[in-house]
Amino acid sequence: MKYLILLSLLISCMTYSQENNSKAQSASFKVKGVCEMCKTRIENGTIRLKGVKYSNWEIVSNKISIIYNSKKIKLDDIHKEISLLGHSTEKYDAPEKIYNALPDCCKYKTLETH
């Protein structure tokens with residue numbers, strides 16, 4: 001009887017764990033930036049968002065890869081929050097005031113005009 005109870009507890013824990021993992025989503029999209037400071041700002045800014053579990057931004061490709069809980073945050077909200085860090089995404093442009101406050105080495109718009 002004791003083993004039967006332990007077995008049922010184990011199965012219920014495994015089922016609960018699988019249900020929580022099914023809410024995890026992954027996404028990848030472009031985020032404009034140019035340097036290590038950008039990388040730190042983008043990754044730290046996204047990982048601090050409630051529901052984001054993983055964030056990695058590649059300087060060369062300007063692509064961010066994230067894993068997030070779709071029950072806690074929407075992908076659109078992640079795009080918005082990144083733009084508020086001063087980095088434009090595929091969906092949202094960074095506000096000029098925030099972009100202009102970035103360090104000079106992070107100004108990606110000057111590179112686009114050349």
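**View 1. Helix 2 lies across strand 2 and strand 3.** Helix 2 (residues 36–47) runs at about 165 degrees to strand 2; axes are lines fitted to C-alpha atoms, for helices over the stretch in contact (heavy atoms within 4.5 Å), and angles run from 0 to 180 degrees between N-to-C directions. Helices (H or I, at least four residues) and strands (E, at least two) are DSSP runs, numbered from the N terminus. The model is predicted: local features need pLDDT of at least 70, side-chain atom pairs count only at pLDDT 80 or more, and totals for chains, interfaces and linings use all residues. Residues are numbered from 1 along each chain as its sequence is written, and side-chain values use heavy atoms, with hydrogens and water left out.

**View 2. Three strands form an open sheet in the order 1-3-2, with antiparallel pairing.** Strand 1 (24–30) and strand 2 (52–58) are the edge strands, each pairing on one side only; pairing requires at least two DSSP bridges between two strands. Strand 1 pairs with strand 3 (residues 63–69) over seven bridges. Isoleucine 64 in strand 3 stands opposite phenylalanine 29.

**View 3. Tyrosine 99 and tyrosine 108 form an edge-to-face aromatic pair.** The ring centres are 4.9 Å apart, with 70 degrees between the planes (rings of Phe, Tyr and Trp, its six-membered ring, pair with centres within 6.5 Å; planes under 30 degrees apart are stacked, over 60 edge-to-face, the rest tilted). Both tyrosine 99 and tyrosine 108 are buried (under 20% relative accessible area; exposed is over 50%, partly exposed in between; 1.4 Å probe, protein chains only).
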